[in-house]
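Visitor: I am new to this structure. Please take one part of it and go through that part closely, with the cut-offs behind each term.

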Amino acid sequence: MANPRGTTVINGTFHSPKTQHSKWQSTDGVKNGIPKEAQQNRNPRFSDKPIFESYPEPPLYVFVLTYMGYGIGTLFGYLRDFMRSWGIEKCNAAVEREEQKDFVPLYQDFENFYKRNLYMRIRDSWNQTVCSVPGPHIDIMEKVSDDYNWTFRHTGKVIKDVINMGSYNYLGLAVKYDESMKTVKDTLEKYGVGVASTRHEMGTLDKHKELEELMAKFLNVEAVMTFGMGFATNAMNIPILVGKGCLILSDELNHTSIILGARLSGATIRPFKHNNVQNLEKLLRESIISGQPRTGRAWKKILILVEGIYSMEGSIVNLPQIVALKKKYKAYLYIDEAHSIGATGPNGQGVRDFFGLAPEDVDVYMGTFTKSFAASGGYIAGKKELVDYVRVHSHSATYATSMSPVIAEQIIRSLKIVMGEDENQGEKHQTIGAHTAFGRHLLKKKIGVVVVGFPATALAEGRARFCLSSAHTREMLDKVLEVVDKLGDLLNVKYFPYKKSGHPALHNEKSFDKEASFDEMSIEPEA
Amino acid sequence: MDFKSVKEYLAWLYYQYQIISCCAVLEPWEQSMFNTILLTIVAMVVYTAYVFIPIHIRLAWEFFSKICGYHSSVSN
């Protein structure tokens with residue numbers, strides 16, 4: 001069997017299987033701080049309707065035209081490369097020195113072909129300089145390019161009051177100074193900004209302790225540990241949980257930080273199809289049956305890595321079925337709630353609460369404070385033994401400076417606000433590469449979005465991502481929808497006419513049925 | 001005949017063509033080059049069609065009618 005029922009020694013540490021079996025709950029009241037009523041109040045909401053979003057495929061001519069467009073772009077890329085290498089045209093990209101021309105090429109690789117020839121032409125849609133707080137409105141510094149996007153310069157003019165649909169400001173907590181931030185100001189005056197030390201040396205402040213306790217209460221777990229950077233939380237902590245001889249099953253659309261952490265750990269990684277529980281089960285069975293790659297021995301540990309909400313697709317993980325699978329095959333579950341914490345669930349407690357599962361169903365909770373809490377940093381939460389282990393062994397705790405106390409106070413302030421209100425995130429997506437024209441037009445109309453293209457998404461699937469925030473008013477959203485509507489007509493990218501009438505309720509106040517609105521938003525596929 | 005809306009429609013069609021064929025992101029000289037080549041190819045295709053299709057049809061017709069005629073004359 002994969003995980004032997006006895007105790008296992010992983011990475012030199014005693015790892016008790018008690019941490020994952022919930023049958024120890026009722027007998028062992030000392031270890032588990034979770035009150036009994038949390039288990040009894042489990043309402044199986046997940047059995048009502050499965051949150052399966054299936055985005056219909058656009059018609060075939062769209063794909064054909066997209067590939068044709070890329071083909072023409074590639075042809076012109078070859079032409080320009082030819083002209084550059086023959087010296088007919090000045091090369092603006094980095095070039096080696098004359099003496100190094102015979103060496104293995106450093107810059108003019110084919111790998112940079114896409115970047116040099118296609119991305120350069122359209123890159124004025126990205127990397128806008130922001131000069132205000134990223135709230136519902138944002139100020140952007142105007143930039144122009146004299147040489148077709150190779151270099152830019154700021155004109156000095158500031159485009160004011162652009163409707164900001166690009167920041168992860170889900171709860172609208174990113175605001176200029178207001179009364180609720182008084183504690184943050186006091187912390188700044190008392191502690192200063194820099195910590196100048198790591199967690200293991202002198203960087204653990206009472207602010208961190210306060211934040212961790214508050215977060216543990218919020219998430220309904222035993223303990224939490226916070227880190228200064230969200231990306232580093234994943235990349236530095238997955239390697240300490242699994243090592244060589246372990247198996248990692250990660251969703252194919254997982255974030256780079258998770259993939260990096262998984263690769264650093266040295267475990268065997270097997271990706272499963274996005275949100276596809278049948279595929280995951282098949283992989284689990286095959287892996288358990290065949291064992292480790294060369295020796296055939298049982299795996300030391302199996303870890304399933306998923307995210308709460310996937311930022312590119314907008315899909316929610318199918319948590320109840322994955323938890324059922326994990327219990328059946330005795331695997332561990334690690335969930336990255338970067339986008340879902342604060343934004344889903346009736347109390348904002350994340351995707352576990354959204355489905356109404358017990359807190360001990362998921363072994364490791366991870367999240368970031370960047371999105372909903374308007375700060376920076378990440379956390380790892382779970383059972384006390386797990387978090388104690390992480391406190392001792394995390395690379396981040398040993399080598400990286402800890403979170404700044406001002407930021408910790410900002411998160412505390414946000415947390416206190418959140419234990420009261422909520423928001424959903426919605427995403428629409430557009431499936432063809434007219435996204436640059438989209439982005440440019442939108443900026444002209446003073447709306448800022450994030451557009452994504454190849455290679456972050458598949459070749460025929462460029463996206464424009466709209467991040468809703470509870471700070472947006474209805475007028476702003478109406479304006480955005482109107483502009484998107486007109487643009488859709490202009491660029492002819494409306495592939496799926498929206499059959500329901502009226503706008504879905506995109507913003508919400510406190511008393512709001514999250515599930516209904518999310519379903520509505522998820523089947524609204526219009527560009 | 002509403003000239004303004006026709007012109008707008010044509011302008012929209014041209015914009016669609018530009019987006020689809022990546023002309024919107026090419027530099028102006030690249031755009032002119034691409035348009036010239038495309039128009040040349042289209043002109044050559046039209047010319048070939050105009051000159052050669054009637055001849056082909058006539059020859060094919062004669063070929064098949066000769067076979068059928070030969071067949072019927074043999075069976076006579």
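Guide: Rings of Phe, Tyr and Trp (its six-membered ring) count as a pair if their centres lie within 6.5 Å; planes under 30 degrees apart are called stacked, those over 60 edge-to-face, and the rest tilted. Ring pairs of this kind link Phe218(A), Phe369(A), Phe373(A) and Tyr379(A) into a cluster. This is a predicted model, in which local features need pLDDT of at least 70 and side-chain atom pairs count only at pLDDT 80 or more, while totals for chains, interfaces and linings use all residues. Residues are numbered from 1 along each chain as its sequence is written, chains are lettered from A and ligands numbered from 1 in the order in which they are written, and side-chain values use heavy atoms, with hydrogens and water left out.

Helices (H or I, at least four residues) and strands (E, at least two) are DSSP runs numbered from the N terminus, and buried means under 20% relative accessible area, exposed over 50%, partly exposed in between (1.4 Å probe, protein chains only). The 14 residues of α5(A) should span 20 Å at 1.5 Å a residue, and the end C-alpha atoms are 20 Å apart, which agrees; the expected span is 1.5 Å times one less than the number of residues. After α5(A) comes Asn220(A), with a positive phi near 65 degrees.

Strands β6 and β12 belong to an open sheet of seven strands in chain A, in the order β6-β12-β11-β10-β9-β7-β8, with mixed pairing; two strands pair if DSSP finds at least two bridges between them. At the edges stand β6 (223-227) and β8 (268-272) of chain A, each with a single partner strand, so one side of each has no neighbour in the sheet. From one strand to the next the twist averages 20 degrees; axes are lines fitted to C-alpha atoms, for helices over the stretch in contact, and angles run from 0 to 180 degrees between N-to-C directions. Within the sheet, β10 (residues 332-336) and β11 (residues 364-368) of chain A pair in the parallel sense over three bridges. Asp336(A) has Met366(A) in β11(A) as its bridge partner. Helix α9 (residues 319-329) of chain A packs on the sheet, touching β9 (302-307) and β10 of chain A, and its direction makes about 155 degrees with that of β10(A).

Definitions and conventions: Contact = heavy atoms within 4.5 Å.
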